[in-house]
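Please walk me through this structure. Start with a helix pair, then move to the chain interface.

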Amino acid sequence: MSAFFIVLASTLVGTVLSCVLACLPGLHVYNIMGLLVMFIYLLADYQIILPPEAYLPFMAGMIVGWSMLNTIPAVLLGAPDESAIFTVLPGQKYLMFGRGFEGTMITGVGGLAGLFILIFIIAPLAPILLPLLQSVLRPYMGAIIWVIITFILMSEWPKGGNTGPAGFAKFFDAWKSLAAGLLTFLLAGFMGFILLYRSPISTEMAFQNIMPAFVGLFAIPWCLLNILSAAEVPEQHIADSLDVDAATILRSAASGGLGGSFAAFFPVVTGGVGGLLAGHATAQRDERVFIMSQGVSKLIYYTGAFMFFFVPGLGLTRGGGAWIMKSLYTPQTSYDYLMILGAIAIAGGVSYLMMEPLTRGVIVLIRKFNYRYISLIALGIIMLLVFLVTSWVGLFIMLVGTGIGLLPVLFASRRLNCLGILLLPIACNMSGFGPTIAAWLHLV
Amino acid sequence: MKETVLPGHEQQSSDIKCSSCGRFVGALTRCPHCGARVNKRLSVRATRYAAVFLSVVGLGLLYWMAISQKIPTVKIGDITPTMNFAYVQIDGKVSSDTRIFKESGLVRSLRFDINDGTGEIPVTAYQSQARELIEKGLVPRPGDHISVAGSLSVAADDRVQLRIQVADQVSLVQEELGRTPINELTSESGAVLIEGTIVKVMAPQPGKKQPWSVLVADDTGTANLSFWEDVYVDMESKDKLIQGQNIRLRSSIKLYKGKIQLGLARAADLEFLDTTLTTPTPMKMLQRADSLTIEEITADLKGQTIETEGRVIQFQESPTPGKAPTRIIIEDGTATVTIVYWENVTQELGEKKPEEGTRLQVRGIVDVYKDTIQLKVNYADQLEFYQMPPTKPEAKPDITLIGEIGEPGEGEVVTVSGRLSAPKSIKSGVIYPLKDKTGAIQMLLWDRNIPGEFRDNLASGKTVTVTGELKLYKGELEIIPESSHAIRIH
């Protein structure tokens with residue numbers, strides 16, 4: 001079979017698989033990719049060596065499909081990953097008005113717009129501009145991360161304390177969500193230090209050090225919330241048109257493109273952070289623009305970060321997908337880059353086409369089954385995955401992460417603060433004093 | 001008895017009724033009718049604090065668990081790709097020289113290799129960790145026993161490295177090495193101690209990124225020692241790096257183009273000996289069967305491979321590659337000989353072309369063409385070009401006091417000496433203020449003139465002597481050295 005057909009087939013299989021898996025709340029594509037990489041190593045132990053044309057497009061298809069369709073559980077099941085945090089509130093609003101299908105499809109259109117930006121604007125310019133940008137910005141990356149952290153923490157606003165008599169109770173009411181946000185950030189950061197410097201996970205599985213913590217911080221709290229939630233999902237209407245126009249798409253593409261590109265290029269910055277920064281920078285108020293731009297941002301972040309790994313002469317590793325691939329493959333020429341671009345484009349088209357039937361399918365599913373049960377099944381799958389990869393220790397780390405991840409949910413602060421798990425230790429490392437702090441903590 | 005439900009209250013939760021008398025109590029915690037305590041509902045606030053408690057306690061346990069566990073010791077051969085990011089300890093023997101990388105005089109990183117018998121792994125320390133290792137005297141030398149902990153980085157194609165996070169986790173036992181005869185050197189020798197005599201010193205060509213090359217001989221054979229300019233700069237007795245000097249060298253073995261080569265990463269590992277070694281004279285060492293003077297190359301040797309060396313007196317590049325060879329004529333004071341090679345060698349040599357006066361070492365097959373003896377070369381690595389090293393210490397230049405420099409004339413060149421202050425980066429270069437007791441001048445180092453490796457040896461506080469052209473720029477005097485050879489660091 002020629003390389004063309006291998007690439008095409010593996011792209012399609014990866015895309016379809018990830019589209020189906022994306023419908024499960026809380027399940028992250030990086031967890032699946034981690035398992036697949038372990039499977040590829042296992043095959044290699046038995047002298048079965050897969051060609052890169054088989055697994056690289058497959059992984060690209062996985063990432064594109066998942067980043068396009070993970071909106072479905074985010075909107076319809078209210079179980080977002082950290083990059084979809086901002087989709088939840090307007091998305092749930094759509095859901096409660098019976099417009100969940102439309103909300104999902106609007107985000108999907110955003111994802112499609114994101115793919116156009118990625119393939120037709122970013123991809124041709126990346127080999128020329130990014131190495132230059134990288135060499136200019138490299139000495140300042142640490143400072144940039146600190147500025148982002150400061151922005152995340154300082155742009156949190158008090159929620160409460162507006163009414164009632166003056167005094168400590170009112171003060172506490174106003175500050176409790178801010179304090180909870182800070183506490184979440186610091187606890188998550190402390191956990192990040194432990195996991196980066198002295199992870200209890202076995203050394204054989206060290207490449208998945210952070211995975212159980214991420215599952216605990218983001219996936220489990222939402223699954224739990226869905227299970228415990230008493231809200232009834234109203235009947236969903238399947239719309240045959242979307243309440244968007246060209247201007248909305250352009251505004252969303254600009255805002256989301258900015259956020260997604262920023263997140264894909266800078267280390268540790270995720271789609272959620274990129275979305276937050278771009279949202280503030282472009283000051284978009286329209287709810288539709290908000291939802292759609294998150295679709296754009298999310299897709300460019302996940303897919304763009306993976307794509308940058310293959311840009312010839314750049315040597316940039318951003319995002320979990322690229323880090324997972326780094327131990328498996330070293331991109332060499334523009335052959336790899338073109339292959340990945342082709343796979344991304346094909347996967348983007350296929351996954352968008354799968355969006356409508358799968359959204360309909362999930363709506364039928366939640367009509368027939370209580371969506372709490374779906375969350376319960378997802379919770380079981382995620383925990384099993386964590387156990388398979390990282391054993392009991394991983395489950396314990398996941399439990400601790402869940403405790404921290406519940407804080408923003410219960411105190412109504414931003415869940416983005418959970419990203420302290422990466423932001424704090426990496427920013428300290430980039431500024432050169434991470435090991436010193438780790439030594440103070442007796443971790444090294 | 002059947003429970004009485006008031007009309008319209010069928011859907012009411014049992015939480016708002018007294019479980020003792022069954023009457024409505026609302027949000028009260030004690031029944032106003034019968035005085036019984038009413039079961040309290042779970043407070044949301046309680047769940048919040050439970051979450052805080054859970055996370056803090058859990059984190060505490062995790063922390064305790066983390067610091068209680070011993071850093072796992074792994075064998076290099078057992079490292080797998082899934083161990084990326086693992087924090088591990090490796091025990092082994094240092095198998096390479098330690099390379100120290102500097103930028104603007106500041107140590108940026110250091111790197112060495114460890115071999116534990118199951119494999120070899122490069123170990124890197126960056127910035128503060130690298131500086132701390134140097135300050136604590138923990139820079140390993142080839143052959144030292146080392147135990148080091150750090151983070152593993154495993155990339156595809158078996159590219160693995162260990163990154164040191166804290167200098168305290170490096171434990172070093174310095175190994176005293178016994179002398180190794182040169183003829184016993186193999187690519188597997190690892191770290192060696194060589195005692196011998198310098199036979200030949202070849203300095204890098206000015207402005208070119210080439211290493212120093214020193215031919216060392218002992219009573220068993222010869223070996224080539226190679227090191228970079230920064231090592232030369234650090235040598236305290238540069239004047240002793242001359243032919244005939246006895247040396248003791250702690251080195252690691254490298255393979256370069258299939259030949260064994262001695263490496264030198266630190267000037268401290270090269271010791272100039274005052275005593276005489278009991279070795280035959282180095283020049284005698286060269287009287288080997290295949291190393292001949294040009295006069296000794298005769299037609300009788302046709303078909304044999306021999307080695308000779310000399311100064312290039314003529315270089316004729318082939319006007320029609322593929323049809324005619326390129327010719328180089330060399331002389332060594334005894335005779336001249338023509339070296340010929342074809343297009344494939346030209347392509348392998350690339351930009352490398354011999355200039356007249358260049359020293360050339362050649363290994364070739366003796367041939368006779370139109371009654372003239374030729375040496376045929378089939379591979380580029382059979383030709384080695386060297387610049388002749390200084391054979392005697394350079395004459396000391398006249399040093400001008402900075403305060404005595406007036407309005408600079410066109411192309412005026414002076415030599416000044418003084419202490420450097422903090423550098424300032426400019427586009428395509430760097431400026432170091434240079435002060436002596438009479439005044440100050442800006443020492444302008446263009447990137448194109450002074451290579452980065454050399455600039456790394458400069459730092460604020462160092463004393464230098466520099467020769468260069470004077471310029472007046474925006475009212476400030478500047479001295480611009482043409483190459484790194486125009487700067488001497490004291």
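In this predicted model, α2(A) and α13(A) pack at an angle of about 5 degrees. Their axes lie 10 Å apart. Angles under 35 degrees count as roughly parallel, so α2(A) and α13(A) are roughly parallel to each other.

Which residues make the contact between α2(A) and α13(A)? From α2(A) come A:Tyr30, A:Met33, A:Gly34 and A:Val37. From α13(A) come A:Gly319, A:Gly320, A:Gly321, A:Ile324 and A:Met325. By class, the residues of this contact are five nonpolar, four polar and no charged.

Now turn to the interface of the two chains. Here 44 residues of chain A are in contact with 37 residues of chain B. The area buried between chain A and chain B is about 3600 Å². Carbon and sulfur atoms give 71% of that area. In chain A, the residues that lose the most area to chain B are A:Arg198, A:Thr203 and A:Leu410. Together they account for 17% of what that side buries.

What polar pairing does the rule find across this interface? There are eight residue pairs in polar contact, both residues at pLDDT 80 or more. The count of salt bridges across the interface is zero.

Several helices of chain A supply at least two residues each to the side that touches chain B. They are α2 (29-45), α8 (168-198), α13 (319-326), α15 (371-411) and α17 (434-440). Both helices of the packed pair, α2(A) and α13(A), are in this list. α15(A) gives the most to that side, with 11 residues. The residues of the side of chain A that touches chain B divide into 31 nonpolar, nine polar and four charged.

Notes: Residues are numbered from 1 along each chain as its sequence is written. Chains are lettered from A and ligands numbered from 1 in the order in which they are written. This is a predicted model: local features need pLDDT of at least 70, side-chain atom pairs count only at pLDDT 80 or more; totals for chains, interfaces and linings use all residues. Side-chain values use heavy atoms; hydrogens and water are left out. Contact means heavy atoms within 4.5 Å. Buried area is the accessible area (1.4 Å probe) that two parts lose on being put together, summed over both. A salt bridge is a side-chain nitrogen of Lys or Arg within 4 Å of a carboxyl oxygen of Asp or Glu. A polar contact is a pair of N or O atoms within 3.5 Å; within protein, one must be able to donate a hydrogen and the other to accept it, and residues adjacent in sequence count only if both atoms are side-chain atoms. Helices (H or I, at least four residues) and strands (E, at least two) are DSSP runs, numbered from the N terminus. Ala, Val, Leu, Ile, Met, Phe, Trp, Tyr, Cys and Pro count as nonpolar, Asp, Glu, Lys and Arg as charged, and the others, Gly among them, as polar. Axes are lines fitted to C-alpha atoms, for helices over the stretch in contact, and angles run from 0 to 180 degrees between N-to-C directions. Angles under 35 degrees count as roughly parallel, over 145 as roughly antiparallel, 65 to 115 as roughly perpendicular and the rest as oblique.
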